[in-house]
Amino acid sequence: AEEPQRMENPAGRPEVRDAMATGEGRAVRFSYTVHRDMVYLALRQAPAQNSSAGAAVIRLALPLAEINEDIRDFRQRLWTASLVILLLAGGASLLLSRALAGRIARLRQFSERVARGDFRPISVERQGDELTDLGHTLNETAAHLEQTIVSLTEERNRSAAILRGMVEGVAVIGPEGRVAFLNEAFCRVAGVEAAKSEGRSMVEVIRQSDLLVVIQQALAGKETSGSEVTLAGADGTRHSFVATAAPVR
């Protein structure tokens, strides 16, 4: 860059002295020769074995602006690559989250169907993850629940059929004093209709005071009570019955 005759002897530079002392020297400073900041690297070169000359120092220099430009280019490429990776990762995460949310929504809809009494199984994706296991578990639970409801319904229908077919009058009163069930024999004796009586207060349905006393004693004492009661039929004739009220635990 310049005539060597007009340049100072570089032997006194810090990087050269460090290279002679330790084998390597580095420095960054303003060069008055080329009038810009430079980066210097000096390396000590050992003489050949057959040579009588002493060690030499090789010094290299680069403008600091060029190094900074290279660093800026590298940082720009790094930020561009990071942005591309971020966009790709964000897109993949968005697709994955949407797929996951869709699977969760289907499981929620299935649970709502089960709550409404629709026990059809849900199709389970072969993903092999926790949601797949949850789908299989929900299907098994729905199947067991359906079987339980079917068994309870059959048992209820069987019990209701037996009670309806009894010649004795049977009435089921809930703990709050409301009519839960009346068979035909009881309705015929008491002169009431089952369809209009179930769910209503027993005081509104059963107008016979003697029968109400027997029922209230069973509800209050939680023990079987019985008494002879006289009921008036629809034609005005009076009939005597043995009434027994027993708590159902």
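Mentor: Let's start at His 35, which counts as exposed because its relative accessibility is 58%; the cut-offs are over 50% for exposed, under 20% for buried and in between for partly exposed, with a 1.4 Å probe and protein chains only. Before going on, note that this is a predicted model, where local features need pLDDT of at least 70, side-chain atom pairs count only at pLDDT 80 or more, and totals for chains, interfaces and linings use all residues. Residues are numbered from 1 along each chain as its sequence is written, and side-chain values use heavy atoms, with hydrogens and water left out.

Now, where does His 35 sit? It is in the loop between strand 1 and strand 2, the latter covering 36-45. The thing to look at in His 35 is its backbone: phi is positive, about 60 degrees, although the residue is not a glycine. For background, most residues other than glycine have a negative phi, and most peptide bonds are trans.

Step back to Ser 31, which belongs to strand 1, residues 24-31. Ser 31 counts as buried because its relative accessibility is 9%. Its side chain reaches the backbone nitrogen of Val 34 at 3.5 Å. For a polar contact, a pair of N or O atoms has to be within 3.5 Å; within protein, one must be able to donate a hydrogen and the other to accept it, and residues adjacent in sequence count only if both atoms are side-chain atoms. Setting aside neighbours within four places in sequence, Ser 31 is in contact with Arg 36, Met 38 and Tyr 40, contact meaning heavy atoms within 4.5 Å.

Ala 19 is buried, since its relative accessible area is 0%. Arg 29 is 10 residues from Ala 19 along the chain, and their C-alpha atoms are separated by 17 Å.

Further along, Asn 139 lies in helix 3, which covers residues 130-165. With a relative accessible area of 16%, Asn 139 is buried too. Not counting residues up to four places away in sequence, Asn 139 touches Phe 110, Pro 121, Ile 122 and Val 124.

Then take Leu 182 in strand 5, residues 179-182. Leu 182 counts as buried because its relative accessibility is 4%. Leaving out neighbours within four places, its contacts include Val 170, Cys 187, Val 192, Ala 194 and Val 205. Ala 171 is also in contact with Leu 182; these two are 11 residues apart along the chain, with their C-alpha atoms separated by 4.6 Å.

Val 203 is in helix 6, residues 202-205, and is partly exposed at 46% relative accessible area. From Val 203 to Leu 87 is 116 residues in sequence and 74 Å in space, C-alpha to C-alpha. Val 213, in helix 7 (residues 209-221), counts as partly exposed with 40% relative accessibility. Its C-alpha atom and that of Gly 226, 13 residues away along the chain, are separated by 9.7 Å.

Now zoom out. The protein has 7 helices and 7 strands, in the order α-β-β-β-α-α-β-β-α-α-α-α-β-β from the N terminus on. Its radius of gyration is 50 Å, whereas a compact globule of 249 residues would be near 18 Å; the radius is taken over C-alpha atoms, and the globule rule is 2.2 Å times the number of residues to the power 0.38. Along the principal axes, the C-alpha atoms fill a box of roughly 150 × 40 × 35 Å. Buried residues make up 21% of the 249. Of the contacts between residues at least 6 apart in sequence, 28% join residues at least 24 apart.

How values were computed
Helix = DSSP H or I, 4+ residues; strand = E, 2+ residues; numbered from the N terminus.
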